[in-house]
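Here is a quick tour for anyone opening this structure for the first time. Have a look at the sequence and the model, then read on.

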Amino acid sequence: MSIRSDHPLLQRIVDDLADVGWSHQRIFLPDDLTHELAQECRRRSDNGLLAPAAIGRGEAQVIREGVRGDHIAWLEGDETEPALTRYLDLMDALRLAFNQGLFLGLEDYESHFALYPPGAFYATHVDRFRDDDRRVISLVLYLNDVWLPEHGGALRLHLPNGEKRDVLPTGGSLVCFMSGEMPHEVLPATRERMSLTGWFRRRGENVLENVL
Ligand code: OGA
Ligand code: MN
């Protein structure tokens, strides 16, 4: 059974984004779903399906481990694994909740698994490209077992008021924020760090891009 877009948990996230531009839910995914998604990430990794992540867009993409050291696998939209279908249904309910509550006109969702080997990090950045502003909301779901502060690997948000917030990548938790307005970084961890990261996007201004 799928979740409705007026579920209180989703409404709370929408309210947080409207109030402060970000939201952190320590308990978001049911444990069994977190576990199955983690297994799927592990399976893709074991089968060599995760590739070093690039920076930039289109032909300007480059791989720079000094900026970003994670390995990723994009979801292609043809996923049939029940856990991925459940995850995508849940994210679609959240997309609708944002559209109903904040009139954001979010049209689609792109996402990838990410695995950071021990020591890998992602330097401070924003999730919007200079030549493409379709990404509106960034969402990160963590797939790790119990995570302790001494493991490192926090997501550090640089809030608009100059404060910093560190979020531990504990399994089943969700963090989301406005893609264009929140510089953030991933600190190195002492152990492997897995996540499913995605973006709600609006329609682009470039008409040709929408039909081609
Ligand atoms: C990203 C990113 C944050 C995280 O993939 O753009 O910032 O906590 N990820 O994994
Ligand atoms: Mn990011």
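Which atom of ligand 1 does a polar side-chain atom of Arg193 lie 2.8 Å from? An oxygen atom: that is where the polar side-chain atom of Arg193 sits, 2.8 Å away. Before going further, a word on the ground rules: this is a predicted model, where local features need pLDDT of at least 70 and side-chain atom pairs count only at pLDDT 80 or more, while totals for chains, interfaces and linings use all residues. Residues are numbered from 1 along each chain as its sequence is written, chains are lettered from A and ligands numbered from 1 in the order in which they are written, and side-chain values use heavy atoms, with hydrogens and water left out.

**Around ligand 1**

| Residue | Distance to an oxygen atom of ligand 1 |
|---|---|
| His125 | 3.2 Å |
| His184 | 2.9 Å |
| Arg193 | 2.8 Å |

On its own, ligand 1 exposes 290 Å², and the protein buries 98% of that (Shrake-Rupley areas with a 1.4 Å probe). The residues around ligand 1, meaning those with a heavy atom within 4 Å of it, include Arg68, Tyr122, Val140, Tyr142, Leu155 and Trp199. Val140 belongs to strand 6. With 9% relative accessibility, Val140 counts as buried (under 20% relative accessible area; exposed is over 50%, and partly exposed is in between; 1.4 Å probe, protein chains only). The C-alpha atoms of Val140 and Arg165 are 15 Å apart, and the two residues are separated by 25 residues along the chain.

**The metal**

Which residues hold the manganese ion (ligand 2)? His125 (NE2), Asp127 (OD) and His184 (NE2) coordinate the manganese ion at 2.1 to 2.2 Å. Donors here are N, O and S atoms within 2.8 Å of the metal (3.2 Å for Na, K and Ca), and since water is not among the atoms, sites may look incomplete. Along the sequence, the donors follow the spacing H-x1-D-x56-H. Asp127 sits in the loop between strand 5 (122-125) and strand 6 (135-142), and His184 in strand 10 (residues 184-186), so this pair ties together parts that are 57 residues apart in sequence. Asp127 and His184 are both buried.

An unreviewed UniProt entry lists residues 105-202 as "domain: Fe2OG dioxygenase"; such annotations may be inferred rather than shown by experiment. The C-alpha atoms at the ends of residues 105-202 lie 6 Å apart, and the span is 0% helix and 50% strand.

**The whole protein**

Overall, the protein has four helices and 11 strands (DSSP runs: H or I of at least four residues for helices, E of at least two for strands). Its radius of gyration, taken over C-alpha atoms, is 16 Å, close to the 17 Å that the globule rule (2.2 Å times the number of residues to the power 0.38) gives for 212 residues, so the protein is as compact as a globular protein of that length. Buried residues make up 46% of the 212 residues.

**Two more stops**

Ser5 comes in the segment before helix 1 (8-20), and at 15% relative accessibility Ser5 is buried. The side chains of Ser5 and Gln100 make a polar contact of 3.0 Å.

Is Phe103 buried or exposed? Phe103 counts as exposed, at 71% relative accessibility. Phe103 lies in the loop between helix 3 (82-102) and strand 4 (106-116), and its phi is near 50°, a positive value in a residue other than glycine. Most residues other than glycine have a negative phi.

Key:
A polar contact is a pair of N or O atoms within 3.5 Å; within protein, one must be able to donate a hydrogen and the other to accept it, and residues adjacent in sequence count only if both atoms are side-chain atoms.
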